[in-house]
Amino acid sequence: MSQTSDAKIADEVLRFKEPVASNIPIDSIYETEQKLFIGLDSDSTDRSKEDSHEPQYDFTSPEFANIPELVRETVGFEDDPSLPVITFRSMLLSAIFCTIGSIVSQLSYFRTTYAPFPVFFVILASAPLGRILARVLPAYTVPLGRFSFSLNPGPFSIKEHAIIGIAANAGSQGQWATYLPTNAALYYGITMNPAVALFFGWGASLLGFSFAAMVRKILIDDPEFIFPLSLQQVTLYRSMQGKSEFHAARERKQMNVFWLILLCTFAWQFLPEFIFPFVASLAPLCWFASRNHTVNFLGAGRGGIGLLNITLNWSNITSTVITYPYSVQVTIFVGFVITTWILIPVAYFGNLWGSPTYNIMSNGVFQKNGSTYPFNSLIYTDAKGIQHVNETKYEEIGLAYSGAQYTWEIFMWYASYISAFVWCGLFLGPKIFAIWKARKQLGEYHTDRLSRIIQKYPGMTKWEWAALTAIPIGILLAIVAARQIWMPTWTYFIALGFGGAAMLPMSFIYAMSGYSIKVGFFNELIYGYMIEVNGSSRHPLGQLAYRVISGNVWYDARTVLEDQKIGHYLHLPPRDVIGVQILANILALPINYGVMRWVLSAKFDYVSGRVADPQGQWTGQDFKSYNTAGIQYALVGPKKLFASSFFSPVLYGFLAGALAPVIIWLLHKRFPKARFDLWNTTIFFASAATFHGNLSTGPFTAILVGTFFNFYLYRYRHKFWNKWAYISGAALDTGFNANLLFIFIFIGTTGAVMKNWWGNNADNIERCFALKG
């Protein structure tokens, strides 16, 4: 379609639709008058060089009116449809980075602190590699008929660059579906059939695409939903792909700094991770009273609440101090302070909420007398090899109790889940209604410049979306119906319904803040009530399978949406983006599964809890939390659980989650300039629900670093932040991950152990000697 005809169509559309001011809350720290090109200085010389390559637009015109200022200053509004996207070199590099990312991410699942594989590293490293391939590969066309392709179609393009990052991000986030075979091996001595485990993972992953499709029209096509993490990546792509001498010189300087920080971080991480673990958790309170139990509990970052505790281990900080908006960081820290620095000491020293009978710093389950809950003794295997729950034995053992911290964690997760729906309804409801009204009147109701560009490319047809939905649903149904995952077949369809219902509110929070909300606890509650039906399996692994299908596919959908937004910003054909995401997921899962089996073989005693990891890292605490939830919601069941006065108060979390957003919404309406809308109750409750029993060092250091980066530097030294913030965060995360991989392969698997010395004390590496470990 020609430019002229596009303009005529747009003019006709705009007669019916006037631009509407954004009602979506955007962190005020992101509002700036400066262009957000990494490395762009404000002096006239550099600006004139940049502006000579950037067309100028009238941002007051209708096609730009709905695009937020931050987006207008970051993305480009011109497109070259002739640029190659899916090429041999882009697929080769995608496979390489996807493999590396899958290994690193799966390793991190077993650790207490989790630093995600940094896509910024992929962006920075793939550009020079792509250019090298463009120089060395022959211009040979592989003859495959209609599928023929050239090994070297010309210069390495920004669209190839972006598709590599999208593929690596999609495939390197780990697979939540691997939790099922992991917990089966860790806690029940079951080795799942590899084919079942793999197809369960593929089905759950592809289901994320189906769920993402339900909200794509709202969140991807609408420019007001900015997806901060996507926008940051776009900034880097555009910065690195300039053609001028200015861009080339800037890229060389940034890459030099990137590699310097990466190498320094790689070298430094040997200290906190292996040689000198004392610096991973500096507990100044313990230095003045190392034998005082009260002071040690307050100051210790391992086994204590980490009051004023400083960490010099980047794995406890991560680049979220740069990628999260500052308001989100403050909200997260406030949630941490209330639960960890206030509630835990009150319960611990006041002997409240089951303390000290039930260890407040544990996410395990206990018998009424405080001893470890013998859940394995409640499960027996019949003649067919199928495991069942021994109800008679359960009546003898009784209810499964948990520590106070884990108990109010359930309260907070309930509140967070309901808050997401209420918050979405209050702040997004008018927007959804406006889009629905426009949809009845017009075929394409998004008429902004970005949408008009992307509408020129063919999208997925309804039949293709239907097939992409039917295939994973069919795969999972076959596995469930074959009784391979201990889950009643009829509950599978309920799982699909609740999973779909949660997509919009959870995605809305993520699209505006970059913060991901967990949805598992509410789904576990529903599952626990459903399996009260006679004949239903009460195996905890069935509950975990339900949780993966109903809730954890949201995490896959989140990545799908984030990458599709990048494609929208960089004008990539939607079909190419979705296709490469699917291929990346298919490639990544076998690698995830292989790494999982590797860790279970090498670190089984640590991650199963049989032996304590001296550094408090290989704890597998996420897997333990999932198993604890399975015992409480499936083995015991919510009917029995909440009949107890110990657990019944957590149900008030639903009420708290429903009321808190309403209060914030009313305050925002009454005092709009106060920006109460930035105090997202869903993020607050989710932060308050985060378990800090094994490791509480990190949040205090993170808010200090985050304040420096995203408050002081962003507001008062914005040119410096703009040039170096994302580069630094990417280099720090990449250096840590490289070090983690090196230690695991070359030290961890050999059985090498660091000798004890002053900085690696045998009794307590923090020198909080009144505490164990």
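Which residue does a disulfide join to Cys286? The partner is Cys768, with an S to S distance of 2.0 Å.

## About the model

Welcome to this structure, which is a predicted model: local features need pLDDT of at least 70, side-chain atom pairs count only at pLDDT 80 or more, and totals for chains, interfaces and linings use all residues. Residues are numbered from 1 along each chain as its sequence is written, and side-chain values use heavy atoms, with hydrogens and water left out.

## The disulfide

A disulfide is a covalent bond between the sulfur atoms of two cysteines. Here it is taken as a pair of cysteine sulfur atoms within 2.5 Å, and by this rule the count is 1 disulfide. The torsion about the S-S bond of Cys286 and Cys768 is about 100°, so the disulfide is right-handed. Cys286 sits in helix H13 (residues 284-288) and Cys768 in the segment after helix H30 (718-746), so the pair ties together parts 482 residues apart in sequence. Helices are DSSP runs (H or I, at least four residues), numbered from the N terminus.

Both Cys286 and Cys768 are buried, a word that means under 20% relative accessible area, while exposed means over 50% and partly exposed lies in between (1.4 Å probe, protein chains only). Cys98 is buried at 1% relative accessibility, and Cys424 is buried at 5%.

## An enclosed helix

Let us turn to helix H8. Of the 10 residues of H8 (residues 179-188), 10 are buried, so this helix is largely enclosed by the rest of the structure. Among them are Tyr179, Pro181, Asn183 and Tyr188. Gly189 follows H8 and has a positive phi, near 65°.

Glu160 belongs to helix H7 (residues 158-171). Is Glu160 buried or exposed? At 0% relative accessibility, Glu160 counts as buried. Its side chain makes a polar contact of 2.5 Å with that of Thr87; such a contact is a pair of N or O atoms within 3.5 Å, where within protein one must be able to donate a hydrogen and the other to accept it, and residues adjacent in sequence count only if both atoms are side-chain atoms.

Leaving aside neighbours within four places in sequence, Glu160 is in contact with residues including Pro84, Val85, Arg89 and Pro155. Contact means heavy atoms within 4.5 Å.

## Around Leu92

Finally, Leu92 has its place in helix H5. Leu92 is partly exposed, with a relative accessible area of 35%.

Terms used:
Helix = DSSP H or I, 4+ residues; strand = E, 2+ residues; numbered from the N terminus.
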